[in-house]
Amino acid sequence: CRGVSYAEEMRAPKDGHCRHRLYMGSHDRKLWAIDATNGKPCEGFGEQGAVTLYGAEGYVPGDVSNSSAPVIANGVVVIGSTVIDFARATTPRGTVKAFDTFSGQPLWQFDPLLGNPQSGSANVWAPMSIDAVHNMVYLPTSAASPDYYGVDRPGAGLYANSVVALDLQSGAVRWHFQHVRHDLWDYDTPAQPILFQWNKNGQSLPALAQ
């Protein structure tokens with residue numbers, strides 16, 4: 001699944017079990033936290049070290065999965081999804097979910113489609129980026145379904161084919177930039193946003209490249 005993520009959990013006992021953690025998304029749509037020193041699940045995270053990322057929707061592995069590692073900062077772990085493509089008109093929703101890094105308790109979730117029942121996906125399958133200083137997470141979102149056919153999803157679909165900046169603690173939208181409006185060509189955002197300092201007229205500004 002294209003990597004795992006590491007974080008030191010300051011709420012765990014120093015030099016104790018799961019002070020140093022690896023977080024990963026598995027193909028059966030679970031978010032795991034394991035002890036980075038011995039590979040054992042962190043028992044206090046979710047249920048025996050794992051949080052199930054879907055339930056009553058009826059999805060099976062292959063409908064929704066993971067292709068990129070979760071991102072972590074300031075006690076929050078955020079994970080996107082990979083969604084089956086080109087197989088049906090209405091695909092699973094590309095909901096991004098955030099959890100407490102210590103307990104696995106849900107903190108927030110974000111639906112890029114804003115509840116439009118006639119569409120799906122706009123998921124985040126590429127790696128996300130986090131700015132811990134400004135307490136933000138940046139989502140590179142994909143196209144909405146159906147691919148190549150837009151009648152059932154009128155409007156611009158502002159958070160599909162976009163970079164969406166969310167508040168890391170609440171999941172509230174801080175800003176977004178849509179690079180393809182009402183996409184009919186499956187132009188996903190396929191790469192991780194790059195954060196850098198941009199020098200403008202001698203002033204250094206926090207910037208993002210996509």
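A: Arginine 29 counts as buried because its relative accessibility is 4%, where buried means under 20% relative accessible area, exposed over 50% and partly exposed in between (1.4 Å probe, protein chains only). The model is a predicted one, in which local features need pLDDT of at least 70 and side-chain atom pairs count only at pLDDT 80 or more, while totals for chains, interfaces and linings use all residues. Residues are numbered from 1 along each chain as its sequence is written, and side-chain values use heavy atoms, with hydrogens and water left out.

The backbone of arginine 29 has a phi near 60°, a positive value in a residue other than glycine. Arginine 29 sits in the loop between strand 2 and strand 3 (30-35); strands (E, at least two residues) and helices (H or I, at least four) are DSSP runs, numbered from the N terminus.

Cysteine 18 also has a phi near 60°, again a positive value in a residue other than glycine. Its place is the loop between strand 1 (5-8) and strand 2 (20-25). Cysteine 18 counts as buried because its relative accessibility is 1%.

Another backbone feature is the cis peptide bond from serine 145 to proline 146, with omega near -5°. Proline 146 belongs to the loop between strand 12 (136-140) and strand 13 (162-167).

Turning to charged side chains, a search of the whole structure finds five salt bridges, a salt bridge being a side-chain nitrogen of Lys or Arg within 4 Å of a carboxyl oxygen of Asp or Glu. One of them joins arginine 19 to glutamate 8, with the closest N and O atoms 3.0 Å apart. This pair links distant parts of the chain, eleven residues apart: arginine 19 is in the loop between strand 1 and strand 2, and glutamate 8 is in strand 1. Arginine 19 is buried, at 8% relative accessibility, whereas glutamate 8 is partly exposed, with a relative accessible area of 38%.

A salt bridge also connects arginine 11 with glutamate 9, the closest N and O atoms being 2.9 Å apart. Here arginine 11 counts as partly exposed at 43% relative accessibility, and glutamate 9 counts as buried at 5%. Glu9, Arg11 and Asp100 are linked in a network of salt bridges.

Arginine 174 forms a salt bridge with aspartate 167, with 3.3 Å between the closest N and O atoms. Arginine 174 is partly exposed, with a relative accessible area of 44%, while aspartate 167 is buried, with 16%.

The structure holds three aromatic pairs; rings of Phe, Tyr and Trp (its six-membered ring) pair if their centres lie within 6.5 Å, and planes under 30 degrees apart count as stacked, over 60 as edge-to-face and the rest as tilted. Phenylalanine 110 and tyrosine 159 form a tilted pair, 5.7 Å centre to centre with 55° between the planes. That pair links distant parts of the chain, 49 residues apart, with phenylalanine 110 in strand 10 (residues 106-110) and tyrosine 159 in the loop between strand 12 and strand 13. Both phenylalanine 110 and tyrosine 159 are buried.

The pair of tyrosine 138 and tryptophan 175 is tilted because the ring planes lie at 50°, with the centres 6.0 Å apart. Tyrosine 138 in strand 12 and tryptophan 175 in strand 14 (residues 173-178) are 37 residues apart, so the pair links distant parts of the chain. Tyrosine 138 counts as buried at 6% relative accessibility, and tryptophan 175 as partly exposed at 35%.
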